[in-house]
Amino acid sequence: MTGSGIGSKTGRRADAHLQGRYLPPGYDAIAKPRMRRLGGAEGRTPSQRRIFLSLVVFAACFTLVGARLAGLAIMGGGGEDRVAVASAATQIHRPDIVDRNGEVMATDIATASLFADARYVIDPADTASQLASVLPGLDVTDVTQKLESGRAFIWLKRDLTPKQQYAVHYLGLPGLDFRSEQKRVYPNGKTGSNVLGMVDIDNRGIAGIERYMDKSLGRDDDASRPKFDRNSTLMLSVDLHVQHALRDELEKSMTEFSALAAVGVIMDVHTGEVVAMTSLPDFDPNDPMASPDNNRFNRATLGVYEMGSVFKAVTLAAALDSGKVGVNASFDATKPLKVARFTIHDYHAENRWLSVPEVFVHSSNIGTAKIALQLGGEEHRQYLGRFGLLTRPQIELPEAGAPLTPARWTELSTITTSYGHGIAVTPLQVASAVSTIVNGGFKVQPTFLRHNAPRLGERVISADTSATMRGLLRLVVLEGTGRNADVPGYPVMGKTGTAEKPFNGGYSRNKLITSFISAFPANDPRYAMIVMFDEPKATKNTFGYATAGWNAAPTTSRVISRVAPLLGIKPATKPQENDVLREAKLVSYQTTGE
């Protein structure tokens with residue numbers, strides 16, 4: 001009998017299989033057809049169906065859990081987690097910034113940032129309280145609310161110090177973890193902050209050279225910038241030691257004269273390299289938001305000011321270069337100059353005819369105005385443009401101010417701009433113009449990157465005019481308002497400037513912008529400098545005066561005495577100090593005063 005009944009041999013072996021008993025190897029050939037029939041649902045017992053269902057449910061759960069674990073391993077959590085991980089994966093690693101001698105001014109370090117997965121925080125209020133005990137400044141209420149949200153990813157504090165990270169870790173609180181990030185640090189603090197700029201919390205440059213570097217790395221659409229490799233080093237034109245000395249002296253003078261602000265720029269007259277630049281008050285780029293907005297404003301390159309009599313150097317250079325005014329010419333300064341309803345006065349009126357050197361040495365507004373009129377308004381304006389004083393300077397820093405110029409160049413505009421009123425420019429532009437005047441007459445392009453060779457541009461004035469101007473600038477220090485700027489062994493040439501600040505549609509006599517432009521050493525000028533103060537006050541030592549000759553000039557002297565040796569300039573002998581006057585054929589003026 002070949003049936004499959006319960007009493008048959010095959011049936012008994014099938015029953016044995018269903019009961020989980022051991023079957024001999026030879027059984028497979030007999031049992032397989034029977035087992036295929038039993039594979040259908042109709043062939044299972046209730047216990048089999050329950051076991052099968054349990055296996056399916058277990059496999060499904062295992063699959064879901066595995067997928068979730070894989071997702072967590074790859075992406076780190078939910079939507080917020082994915083954003084955080086993506087941010088970490090694309091962290092910005094910035095190149096080091098060094099000064100012209102290779103000293104580090106900005107670099108990246110790895111730091112830990114604290115985050116929480118609120119789903120695993122047991123007690124939000126207690127967790128927030130414990131965190132605040134080791135992280136001063138943490139808002140307990142705010143952190144508690146965040147932890148009560150149940151979100152998978154919450155930033156609690158970025159850029160922890162190693163000590164803070166250890167303290168949080170030691171608390172052993174569930175639901176907290178750290179993520180490694182890049183932090184920008186500035187080892188020299190405030191020194192050079194207006195050049196360097198700053199970065200945001202995600203290490204992106206938002207001001208100064210840091211912003212320029214992001215452009216250069218191709219993080220915007222400006223294709224005209226050179227591209228720096230992220231692993232390279234950016235070398236600036238700044239000399240860190242000179243920068244420190246400039247800032248230190250300006251800070252002392254700013255305090256001494258109770259000024260609202262101070263600016264200083266030192267520039268190589270042949271390359272346009274800015275070897276030092278300071279705008280006070282300033283800020284610490286390690287924590288820029290701790291300072292008010294006013295401190296982060298770069299007055300040297302973004303602020304524009306009516307600079308006063310320092311503009312007379314540009315006006316006189318233009319007039320001499322044009323050939324329309326000779327160095328031996330004289331101008332009537334016996335009485336004020338009236339133009340329409342305005343009257344032009346001299347601060348230190350000589351009330352006589354003045355030679356060109358006297359106009360400059362005595363800083364005569366009347367004489368300078370008549371020189372500008374003899375030059376002609378249109379030609380005067382063209383020279384100002386060639387000196388780079390009518391357009392926004394093309395520099396690496398995004399903080400570049402555009403000059404404020406007259407809407408119409410009338411006769412009055414020509415007069416007022418000749419002595420630095422009615423036109424506002426940045427201190428950096430003035431330093432660049434001074435470099436052109438003393439370097440032989442070539443325009444220079446200001447730069448904050450190091451260059452190893454001269455970068456002279458178009459000729460603006462002739463070599464002879466430049467030599468004459470060097471002599472006149474030296475005379476201002478020897479005989480005029482710049483006497484307090486001279487330095488033994490490092491002869492200085494320069495020009496004072498005192499301008500009343502615009503106020504209520506006019507000018508305030510009590511609110512001054514004072515400045516001193518200079519170049520040194522006078523016998524072979526290598527560096528130009530401008531020192532400027534915003535609303536300096538008179539002191540006992542200045543005998544009640546708040547003009548440039550009493551604050552900007554002596555500050556210039558102190559700066560040069562410190563930075564000249566740092567810049568490798570050897571002290572000059574006494575005979576060399578007069579070489580510039582001989583070259584300019586002005587020795588007789590110094591001797592006779594005529």
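This is a predicted model: local features need pLDDT of at least 70, side-chain atom pairs count only at pLDDT 80 or more; totals for chains, interfaces and linings use all residues.

Q: Which residue of S18 is the bridge partner of Met267?

A: The partner of Met267 is Ala528 in S18.

Q: How many bridges join S8 to strand S9, and do the two run parallel or antiparallel?

A: S8 and S9 (residues 274-280) run antiparallel, with 6 bridges between them.

Q: Which residue takes a positive phi in the hairpin of S8 and S9?

A: That residue is Gly272, with a positive phi near 80°; the hairpin has 5 residues between its strands.

Q: Why is S8 described as largely enclosed by the rest of the structure?

A: A residue counts as buried when its relative accessible area is under 20%. In S8 (residues 261-268), 8 of the 8 residues are buried, so the strand is largely enclosed by the rest of the structure.

Q: Which residues cover the two faces of S8?

A: On one side lie Ala261, Val263, Val265 and Met267, and on the other Ala262, Gly264, Ile266 and Asp268; all are buried, and both faces are covered.

Q: What is the mean pLDDT of the protein chain?

A: The mean is 86, and 81% of the residues reach 70 or more. Over residues 1-42, however, the pLDDT is below 50, and this stretch has 24 contacts in the model beyond near neighbours in sequence. Residues 221-225 also stay under 50, with 7 contacts beyond four places in sequence.

Definitions and conventions. Residues are numbered from 1 along each chain as its sequence is written. Side-chain values use heavy atoms; hydrogens and water are left out. pLDDT is the predictor's confidence in each residue, from 0 to 100. Contact means heavy atoms within 4.5 Å. Buried means under 20% relative accessible area, exposed over 50%, partly exposed in between (1.4 Å probe, protein chains only). Helices (H or I, at least four residues) and strands (E, at least two) are DSSP runs, numbered from the N terminus. Two strands pair if DSSP finds at least two bridges between them.
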